[in-house]
Amino acid sequence: MAADEVDLIVEQWRRERPGMRPEPMAVFGRIYRLSRLVGDRQEQVYARWGIGRGEFDVLAALRRSGPPYTLAPKALTAALMLTSGGMTGRLDRLERAGLVRRAPDPGDRRALRVSLTDAGRQIVEESAEAGLEVQRRILDALPPADRYRLADLLRALLAAAESPDGPPDGAADEAQ
């Protein structure tokens with residue numbers, strides 16, 4: 001396989017700092033670049049429905065919650081790892097577009113519930129399929145077995161990153 005820009009960066013570090021071990025850059029540099037490239041392509045796809053990735057994420061969280069497609073803003077904020085201010089801005093835009101509705105929580109009049117409208121449900125279902133198609137086309141570069149293996153490897157890396165103590169001792173040895 002041909003060298004890419006990440007290989008060039010790693011080699012530059014090896015040349016300039018012979019004692020440095022820049023191998024992690026080969027993995028995380030590619031993860032970062034892949035995420036940006038795919039994210040940009042999905043953003044273009046979502047624009048066909050007049051939404052951005054942030055708005056899509058809110059609509060998708062509501063749709064995935066199942067009928068009646070309603071969540072508390074706090075649950076949405078936690079699910080999307082946003083600040084309450086960031087969520088408020090997204091909800092304002094989606095409500096103005098008629099894609100979500102905010103209403104008092106029937107169980108607690110001090111709280112709100114956010115619901116997907118019929119228009120919001122249609123948009124998220126159509127745009128989700130289109131976004132997945134972007135991802136499928138990219139993953140088609142790998143044989144199916146490699147896609148499953150890659151998903152497993154990324155799951156393990158994500159778990160290690162989310163763990164406050166890092167991976168368990170010997171985990172790297174076991175993965176080989």
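The side chain of Thr-70 makes a polar contact with the side chain of Ser-115 at 2.7 Å; a polar contact here is a pair of N or O atoms within 3.5 Å, where within protein one must be able to donate a hydrogen and the other to accept it, and residues adjacent in sequence count only if both atoms are side-chain atoms. The model is a predicted one, in which local features need pLDDT of at least 70 and side-chain atom pairs count only at pLDDT 80 or more, while totals for chains, interfaces and linings use all residues. Residues are numbered from 1 along each chain as its sequence is written, and side-chain values use heavy atoms, with hydrogens and water left out.

Back to Thr-70: its side chain also reaches the backbone oxygen of Pro-68, at 3.1 Å. Thr-70 sits in strand β1 (residues 70–71); strands (E, at least two residues) and helices (H or I, at least four) are DSSP runs, numbered from the N terminus. With 16% relative accessibility, Thr-70 counts as buried, the classes being buried under 20% relative accessible area, exposed over 50% and partly exposed in between (1.4 Å probe, protein chains only). Leaving aside residues up to four places away in sequence, Thr-70 touches Leu-62, Ser-65, Arg-113, Val-114 and Ser-115, contact meaning heavy atoms within 4.5 Å.

Pro-68, in the loop between α3 and β1, is joined to Pro-67 by a cis peptide bond with omega of about 5°. Tyr-69 lies in the loop between α3 and β1 and has a positive phi, near 60°, though it is a residue other than glycine. Tyr-69 is buried, at 11% relative accessible area. Another positive phi in a non-glycine residue turns up at Met-81, at about 55°. Met-81 is in the loop between α4 (73–80) and α5 (84–96), and at 77% relative accessibility it is exposed.

On the aromatic side, the count comes to one pair, taking rings of Phe, Tyr and Trp (its six-membered ring) as paired if their centres lie within 6.5 Å, with planes under 30 degrees apart called stacked, over 60 edge-to-face and the rest tilted. That pair is Tyr-46 with Phe-56, stacked at 4.2 Å centre to centre with 10° between the planes. Tyr-46 belongs to helix α2 (residues 23–47) and Phe-56 to helix α3 (residues 53–64), so the pair ties together parts 10 residues apart in sequence. Tyr-46 is buried at 4% relative accessible area, and Phe-56 is buried too, at 11%.

Arg-53, also found in helix α3, is partly exposed at 34% relative accessibility. Apart from residues up to four places away in sequence, Arg-53 touches Gly-39, Asp-40, Glu-43 and Tyr-46. Glu-11 is 42 residues from Arg-53 along the chain, and their C-alpha atoms are separated by 34 Å.

Helices α2 and α7 (144–162) each supply at least two residues of the patch. Leu-139 lies in helix α6 (residues 118–139) and is partly exposed, at 36% relative accessibility.
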